[in-house]
Amino acid sequence: MKKLIIIFLIFFNQSVLAQYDPKALSVLDAMSARYKNLAAFKANFSQKLTNKSAGIDETITGQITVKSDKYVLYVAGQRIFNNGTDIYTYNPEISEVTISSYDPEESEINPGNVYDLYKDGFKYVCISTESNGDRIIDLDPEKRDKSYFKIRMTINAKDELKSFEIFEDTGNRYLYSIESFQSASLPDSYFTFDTAKYPNVEVIDFR
């Protein structure tokens, strides 16, 4: 019985330590540094939503441009501008823009902020290294107050993020794949929606 307890304790300790895997941290730090060293970047991506029990299998594409904590996101017919202070959601189909204050704590996970996500409130473990050099890393939120319970990242040998998948409690799985990537140089004004350029747009301000 004592032997079984010892074996269990060894296994338990290894499991706990694996949740803050130093190998995973090294890979994540290298990936984060790669993108932080860029003045700005643009990425085309695809988002695939699946839910086996609900029979859902949908894919959409988008583009995101990022500079520090600012981004412009084109997805599902909308253009979302975040200048680090306010968020402008523009729907050209109905010529309407809504403005709200930006709260980093409430921002959704997207290709613009996922690179630093692991630094606050997550455990992490490298679950495998593929023959092509890809590292598969799981992020597990420390608090169970999220709508998701796991994020799985694939990071290649060049420390580039190839994809990340969000596993939700509802059974939804969102797979974001980075299709293309390039560095960019853009002024801060690029990330603010200029209402003067759209004189007929209806502005709804929630700030």
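Start with a pair of residues facing each other: across from Ile136 you'll find Thr154, which belongs to S9. This is a predicted model, in which local features need pLDDT of at least 70 and side-chain atom pairs count only at pLDDT 80 or more, while totals for chains, interfaces and linings use all residues. Residues are numbered from 1 along each chain as its sequence is written, and side-chain values use heavy atoms, with hydrogens and water left out.

## The overall picture

The chain holds 2 helices and 12 strands. Both kinds of element are DSSP runs numbered from the N terminus: helices are H or I with at least four residues, strands are E with at least two. Reading from the N terminus, the order is α-α-β-β-β-β-β-β-β-β-β-β-β-β.

Along the principal axes, the C-alpha atoms fill a box of roughly 75 × 40 × 30 Å. Of the 207 residues in the chain, 39% are buried. Here buried stands for under 20% relative accessible area, exposed for over 50%, and partly exposed for anything in between (1.4 Å probe, protein chains only).

How about contacts, meaning heavy atoms within 4.5 Å? Among those between residues at least 6 apart in sequence, 48% join residues at least 24 apart.

As for charge, the chain has 24 positive and 30 negative charges, and their mean positions sit 8 Å apart. Lys and Arg count as positive and Asp and Glu as negative, with His and the chain ends not counted. Each charge is placed at NZ of Lys, CZ of Arg, CG of Asp or CD of Glu.

## Strands side by side

Back to where we came in. S8 (residues 135–141) pairs with S9 (residues 148–155) in the antiparallel sense, over 5 bridges. Pairing asks for at least two bridges found by DSSP between the strands. The S8 and S9 hairpin has 6 residues between its strands.

S9 also runs antiparallel to S10 (residues 161–168), joined by 7 bridges. There, Ile155 stands across from Leu161 of S10. These two strands make a hairpin with 5 residues between them, where Asp159 has a positive phi near 65 degrees.

Elsewhere, S5 (residues 86–91) is joined to S6 by 6 bridges, again antiparallel, with Tyr90 opposite Val97 of S6. In this hairpin, 4 residues lie between the strands, and Ser95 in the turn takes a positive phi of about 50 degrees. S6 pairs with S12 (residues 202–205) as well, but that pair runs parallel, with 4 bridges. Thr98 stands opposite Ile204 of S12.

How buried or exposed are a few individual residues? The table lists some, with the relative accessible area that sets each class.

| Residue | Relative accessible area | Class |
|---|---|---|
| Ser46 | 13% | buried |
| Glu165 | 15% | buried |
| Lys119 | 52% | exposed |
| Ser68 | 61% | exposed |
| Ala76 | 64% | exposed |

Ser46 is part of strand S1 (residues 40–51). Its side chain meets that of Glu179 in a polar contact of 2.8 Å. A polar contact is a pair of N or O atoms within 3.5 Å; within protein, one must be able to donate a hydrogen and the other to accept it, and residues adjacent in sequence count only if both atoms are side-chain atoms. Beyond four places away in sequence, the residues Ser46 touches include Thr59, Thr61, Leu175 and Tyr176.

Glu165 lies in strand S10, and its side chain makes a polar contact of 3.0 Å with the side chain of Arg173. Leaving aside neighbours within four places in sequence, Glu165 is in contact with Lys150, Ile151, Arg152, Arg173, Tyr174 and Leu175.

Now for backbone angles. Most residues other than glycine have a negative phi. Ser68, not a glycine, has a positive phi of about 55 degrees. You'll find Ser68 in the loop between strand S2 (56–67) and strand S3 (70–75). Ala76 also has a positive phi, near 50 degrees, and sits in the loop between S3 and strand S4 (78–82).

Finally, Lys119 is in the loop between strand S6 (96–101) and strand S7 (122–129). From C-alpha to C-alpha, Lys119 and Asn82 are 21 Å apart in space, with 37 residues separating them in sequence.

Note on methods
Contact = heavy atoms within 4.5 Å.
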